[in-house]
Amino acid sequence: MNVVSRGIKNATRSPLRNGAIVLMLAISIGLVLSMLVARSSVRTKINDVMASAGTKVTINAAGINGFAGGGNPLTAANVTTIKDTAHVSSITSTLTDQLGTSDTNLVSSIDLGSFGARQNRFFDSGSTTITPSDGSAPSGDTTTRPEIKPRISVTGTTNPNSSSVNGGSLTISSGKTIDATGSDLVALVGKNLATKNNLSTGSTFTAYGKTITVSGIYSTGNTFTDNGVIMPLATLQSLTSQPGAVTSIAATIDSSANVDSTVAALKKSLGDSVDVTSDAAQAETSVSALQGIASLSLAGVIGAAIAATTIILLAMVIVVRERRREIGVLKAIGGSNLKVVGQFVVESLTITITAAIVGLALGILVSGPMTNALADSSSSRPSSATTTMMRPGAGGGFGRGFSQLRTNFSNITASLTPQIFLSAVGITLGVAILGSLLPAWLIARVRPAEVLRTE
Amino acid sequence: MLAVKKLTKKFSAPSGDVQALSDISLKVESGQFVSIIGKSGSGKSTLLSMLGALDIPTSGSIEVDGVDLAKLSSKQQTSYRAKTIGFVFQQYNLIPNLSALENVMLALEFGGHKSAGRREEAARLLKQVGLDDQQIQRKPARLSGGQQQRVAIARAIANNPALILADEPTGNLDSETGQKIFDLLHKLSRSQNTTIIAVTHDLDIAGKTDKTFTLKDGKITTK
């Protein structure tokens, strides 16, 4: 028997009470680990988002917003100016257009619906007259107009994989991608559009009077985007007789520190004919809810650590008060303060370490679900729901980037790294030490003569 | 061996200072078995606490083998309690979750006995005071009062102390068991030349010791 073995033995002295203490401590320690994992995972996500978006600048032709608005596209000269601007490391140029029934033999996979009817009420196309009573016109609109069919978006780009083209989630489900730097009559077709028109790799369709070959079928998880066609920029420029024209450019800046100055330089050189915006601001907004989770997680770590410290502190204070006479006897028969305090510290450590083993195992099990639950609860808050909830088919050119927040939440992966685990162990040790300080002080103050005289 | 000179102890109380011991002087030679008798509150246990370096005098001195206890540092007092004296309490004061053997091993550890051989030495001491192999493995709650006091005595003599301080060692025992415990202490005093100072109410037992001091209101009235 020595100080350590006596301390360990004492930890099993009241199995029921110490078991309850271990359980409460374990829950607190498990919570500490879960919150550390949640915080770390969210911080990683925030850093990823900021790193990817923090250096992005979008240049749009002024007045054009998706397929709405008006104005003139950017010119080849504009593109050259942007390319040559200091700190611009790369650009992705995009030209968007819509295929109406007279432009293509493709049929849209999206139903018009009342939303589409309202959006299209200014256009005059098709041949079949409809009336408001069929439900496709806005309520109260009694105007008689020709039948309208949803159009198909077509995007010409220098990089089909750019998030500015597809929201960053394009996958080729069959076939292969296109050579976006070329001008071949090839295209990637969205999976919904391909299904609607029985297209597969190698199939052809007509657009702008030309035969286009399907190079591959893509999927983005977005109903609007999956009803589209992506082709090389030069091809679309040629097909639409708009040589050199682009509607949008996504520029990557060499460093986030140079973003503001580059935006200023672009605005100055391009004038009022373009809108230059930094994605960093949008990214900040996008990750603000994640910042909330990170703060909440940190508060959780602190709260759980305080709870754990309080539990072990109160438990050991009660133990010391109960065993005052025993402490007095130990000192009376020659036990030094160091040995007597050491015995109780070992007892405290034994309880805490036992709780830590249970708690850390518990934390490993629940950290993933807890991180997801935090992300889900935050993403479903009203402030963010307005930007994440989109009906299939709606949005598209107007909503590009709005899905980023949803992506932020859905892509959070809870991962327990050795550093996080060691942090949790460190906090646990801190809890044990802090929880032992007051009891140790109380033990040191016990005077055997007083205890043996009064008790 | 033990010399107490003009020992005074006062305690502070809400109603004012309480004089527990007043101008106590006594001498005890090595190997003597001394008893201290007196009514409750006469200062017997306070005197024992002073002799055991559990408390410090208000004035006066206690010298054991020429060493003034009041001048010992806290660390030296701890060492003194571990090696020079052994305590036997009326309530036994054994550690409840340790076996009889482990209680004695604890005293050996505090006395600086090497861990190797500690168990064997504790078993030898317990057998010396009359416990068998099964009894030494039991926890205090599973031993009788007399057996617990034997364990306490084995614990007190574990480090071959020069002085054993016994506070009502037979107070919780029936007369027959009390007599046996007294005989055990008497035997130790004689065989190991250990000085024993025992506080007792039992005048029969006091009458069999080498010397008896009577305390009344904190003062020695008879020697």
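Residues are numbered from 1 along each chain as its sequence is written, and chains are lettered from A, with ligands numbered from 1, in the order in which they are written. Since the model is predicted, local features need pLDDT of at least 70 and side-chain atom pairs count only at pLDDT 80 or more, while totals for chains, interfaces and linings use all residues; side-chain values use heavy atoms, with hydrogens and water left out.

To start with the inside, the largest nonpolar core holds 89 residues. A nonpolar core here is a set of buried Ala, Val, Leu, Ile, Met, Phe, Trp, Tyr and Cys residues joined through side-chain atoms within 4.5 Å. Buried means under 20% relative accessible area, exposed over 50%, and partly exposed in between (1.4 Å probe, protein chains only). The members that touch the most others are A:Leu25, B:Leu2, B:Leu47, B:Leu51, B:Ile62 and B:Ile197. Helix H9 of chain A (residues 279-322) supplies the largest share of this core, 15 residues. Helices (H or I, at least four residues) and strands (E, at least two) are DSSP runs, numbered from the N terminus. Leaving aside residues up to four places away in sequence, A:Leu25 touches A:Ala308, A:Ile311, A:Ile312, A:Ile351, A:Thr352, A:Ala355 and A:Val431, where contact means heavy atoms within 4.5 Å.

Next comes the meeting of the two chains. Chain A puts 23 residues into the contact and chain B 22 residues. Together they bury about 2,100 Å², 58% of it on carbon and sulfur atoms; buried area is the accessible area (1.4 Å probe) that two parts lose on being put together, summed over both. There are 4 salt bridges between chain A and chain B, each a side-chain nitrogen of Lys or Arg within 4 Å of a carboxyl oxygen of Asp or Glu. A:Lys9 and B:Glu102 form a salt bridge, at 2.8 Å from N to O.

Two residues stand out for their backbone. Most residues other than glycine have a negative phi. Even so, A:Asn198 has a positive phi of about 55°, and B:Ala53 one of about 60°. A:Asn198 sits in the loop between helix H6 (191-196) and strand S10 (204-207) of chain A and is exposed, at 69% relative accessibility. B:Ala53, in the loop between helix H1 (44-51) and strand S4 (59-64) of chain B, is buried at 5%.
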